[in-house]
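Open the model in your viewer and keep the sequence panel beside it. The stops below are given in the order in which to select them.

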Amino acid sequence: MKTAEIAQRFLDYFEKKNHTIVPSASLVTDDPALLFTVAGMVPFIPYLSGVVPAPYPRAADVQKCIRTNDIEEVGKTPRHGTFFQMLGNWSFGDYFKEDAIRYAWELLTTSEEDGGLGFDPKDLWVTVYEEDDEAHDLWRTLTDLPEERIQRLGKDTNYWSTGLPGPAGPCSEIFFDRGPEYGIDGGPATDDDRYVEIWNLVFMQYEITNVRSKYDFDIVGELPAKNIDTGMGLERIAFIKQGVDNMYETDQVRPVLDLAAKLAGKSYGAESHEDDVRLRIVADHVRSSLMLLADGVTPSNEGRGYILRRIMRRAIRSMRLLGVEGPTFPELFAASRDAMKESCPEVASDYARLSAYAIAEEQTFLRTLAAGSAILDQSVMDAKSGGTTTLSGSEAFLLHDTYGFPIDLTLEIAEEAGLSVDRSAFDALMQEQRARAKADARARKGAIADQSAYRDFRAKGETVFTGYTDLETESTVLGILVDGRSTDHAVQGQIAEVVLAETALYAESGGQVADKGVIVGPGYELEVLDVQRPVPGLISHTVEVTTGEVSVDAPATTVVDALNRHAAQQAHSATHLVHAAIRDTLGKSATQTGSLNRAGYMRFDFSWGAALSPETRTEIEDIANNAVRDNLEVTTRVMSLDEAKAAGAMALFGEKYGDTVRMVDIGGPWSRELCGGTHVSRSAEIGLVNLVGESSVGASNRRVEALVGLDAFRDLAAERAIVSQLSTSLKTPRDQLTTRIAELSASLKAAEKKIAAFEARALTDRLPQLVESATAVGTVRVVAQPLGEGASTDDVRTLALQVRDRLGSEAAVVALGSVANGRATVVVVTNDAARERGLAAGALAKAAAGVLGGGGGGRPDVAQGGGTDAAALPQALDGIVADVRAITA
């Protein structure tokens, strides 16, 4: 049974049981405590916690998930994967334990011919919480499970909570027995891989408080509305139903594994365990990367993008360990696309964009590996010349953290060179980094730990946003938070969050920043610092109480800063024009990946693999401003998501859409996007779009920036003033300025070239004098001289090599120093005879650079160093002479 068929059978079954079928939420979650959707319950948290009323009494879904906390186990066990799909059925105050158990057993044990999954009841075991007699008795009465296959376990396995105050409850898990060839007898209580957990039924029935740990808390009482939260691992069901040993061998993953084996010239399952693990890592990580890219995540060095980059680079590294050093992503990602397109059609329809990111990331990392190898090779040479057999942990960590160079590759190359790595020091630095990351995660988690504070506010209904039509709205204060805690008032000088029944102030979303403005009422005034949506349907205003005291239930009027709002609308509408202009110019594959618009300024990120030429930038700017000139009508319509998509509206990555959406047209279908932001009524109100910048923001991702309206005019006026000053200063008409400046630049370069030639000749003239200055230090001839100010490093290096050559075959060390722009530089060269006596240029230059307050190093024959303490140059050169004497003594 194929994976997609299993998912469809699940949905079909629960649809017949009157469940609303909910499409998978994005892997990118709204929850600020999480980077990704890590479990099937994440999209339903507002409903399960009671913060937001559920829009349906029961639901079922197939939820995409990403989890990387067990990434080191990927490929080693049959069930660990970074990407997985959770089948879930949900009840929000509707049915409870009896129906949850009945549904699960019926679907699992009904024959395939009758639409079920066809499990033999004799292969199934069940666990329940040790104190949950109700669940135990239901399993006995609703199924034919014998007593010995219903096991009671403790809180650590069979009790669910978030580890925070709120809902919790016992759970019941269903396991499949793979048979005695996979492990010992004894059921799930043995914690053996023989028994695979396939379905977890969570009975969310209690309210907990005083949470001391995930399993140590006080139960306040039963929830007023009890919920059901279930999760069945689709990949686990698939590998059981397909008769394979693990999730990597299922129909949605195995094609990538087989292709990776073919590219590496390996035979999966027939050679080494290590190679099999690497092939499974590649198969899992390529699929995970494809799915993350499909949900709008792009590789970067922070947040979600860093996780994606790490997963992709682990796949590349695994292919390298399998013996493949060239690019493989073009073939591997295509194989994953073909395997996943039945379940996730978007990976095929948007494949050109997704593969562009993947291929660019692989090319970048292969270059990184090449650069890291060069740096590591130099560290190995320095270690050997310095007489040590160990690379420092800090060097290995620098390679890992700064260059993305894997530690196992560092260990491998070091071992080939006969060196070890100070792994304990490396691990300590890694642990420090992890501790910082965990502290950051805890801070994020703590930031939303009291989301329950919004529950009572949200229970009063959604905040009504009136700002599309009104800049002032009368309302009532529903709630006040100070320091995250609900209170009945806030006084002058305090920072507070204020929740109103209605508001004209726009909450930050869709790239548009929050409105500025004030909230006023009887005896008080609040300056609005920020406006956000902390939970779906609720708008919260962060304010400073500037006058008086505000209280719950007080009348309140929101007043929007009209000038700021108008300028923000200009920028937001300009963003739509620039998006349309980019797609007109570059094609439909140039899709939006991010944006920011605020009063007078817009920033637009889009998928594209190369810098825009000046001509292309001008064309985009012209198209946008022609749209302004044409005074196009801006219209908005509210409709169903399906209607909007049918009309050709663009749904943008990273945005969350409900069943009902707002579609914004500028000039009809020319610019048609789903957007909740505020806009001008006609394009001429934008005034002017001045494209001021274009840059890279990652592989296959570009950014344009523009000033809008009055800010655009002011920028052009400033440029006009500069042109006028130049024209006056150079006594040249404006239309001839570029030619005149080019002439002056060419003259300056010619003069600089002549000066450099004179300086080089002057240095060369000193060659005989420098050779004569050589002194004997033991059996080595040493030249250690300062050259004064102005000489370039290249000229100093050339002169030092010439002096070395003039000194002949006897052991010789030449150290020359110069000062330029307040910074001292020392170049050290040695010949073969000197190096045989243990004199390495890299070590000598590094020591001299330390005296100068900087750093240095290089090859044993040629090296350089420098620092900001130019006055210490004579001391640094004397130090080189002393080092030569000490080494050769």
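**Stop 1: a strand pair**

Select Phe604 and Val704: Phe604 stands opposite Val704, which lies in strand 28. Keep in mind throughout that this is a predicted model.

Now extend the selection to residues 601-607, which make up strand 23, and residues 701-708, which make up strand 28. The two strands run antiparallel and are joined by seven bridges.

**Stop 2**

Together the four strands form an open sheet with antiparallel pairing, in the order 22-23-28-27. Strand 22 (592-598) and strand 27 (689-696) are at the edges; each has a single partner strand, so one side of each is left without a neighbour in the sheet. Ignoring direction, neighbouring strands of this sheet are turned by 15° against each other on average.

**Stop 3: Glu694**

Stay on strand 27 and pick Glu694, which is found there. Is Glu694 buried or exposed? Its relative accessibility is 17%, and the cut-off for buried is under 20%, so Glu694 counts as buried.

Show the side chain of Glu694 and look for two polar partners. One is the side chain of Arg702, joined to that of Glu694 by a polar contact of 2.8 Å. The other is the backbone nitrogen of Leu612, which the Glu694 side chain reaches at 3.3 Å.

To see the surroundings, select the residues that Glu694 touches, leaving out those up to four places away in sequence: Ala610, Ala611, Leu612, Arg617, Arg702, Arg703 and Val704. Val704 is the residue opposite Phe604 from the opening stop.

**Stop 4: the nonpolar cores**

Move to Trp139, Ile198 and Trp199. These are the residues with the most contacts inside the largest nonpolar core, which has 111 residues. Which helix gives the most to this core? Select residues 273-294: this is helix 8, which contributes 11 residues.

Next, centre on Ile198. Leaving aside neighbours within four places in sequence, Ile198 is in contact with Leu108, Leu124, Ile174, Phe175, Phe176, Gly231, Met232, Gly233, Ile237 and Ile240.

Then select Ala574, Ala581, Met602 and Val634, which are among the members of a second, separate core of 28 residues.

**Stop 5: helix 9**

Finish with residues 303-321, helix 9, which has 19 residues. From its first C-alpha to its last, helix 9 reaches 27 Å, close to the 27 Å expected at 1.5 Å a residue. Just after helix 9, select Gly323, which takes a positive phi of about 100°.

Definitions and conventions: Residues are numbered from 1 along each chain as its sequence is written. This is a predicted model: local features need pLDDT of at least 70, side-chain atom pairs count only at pLDDT 80 or more; totals for chains, interfaces and linings use all residues. Side-chain values use heavy atoms; hydrogens and water are left out. A nonpolar core is a set of buried Ala, Val, Leu, Ile, Met, Phe, Trp, Tyr and Cys residues joined through side-chain atoms within 4.5 Å. Buried means under 20% relative accessible area, exposed over 50%, partly exposed in between (1.4 Å probe, protein chains only). Contact means heavy atoms within 4.5 Å. Two strands pair if DSSP finds at least two bridges between them. Axes are lines fitted to C-alpha atoms, for helices over the stretch in contact, and angles run from 0 to 180 degrees between N-to-C directions. The expected span of a helix is 1.5 Å times one less than its number of residues. A polar contact is a pair of N or O atoms within 3.5 Å; within protein, one must be able to donate a hydrogen and the other to accept it, and residues adjacent in sequence count only if both atoms are side-chain atoms.
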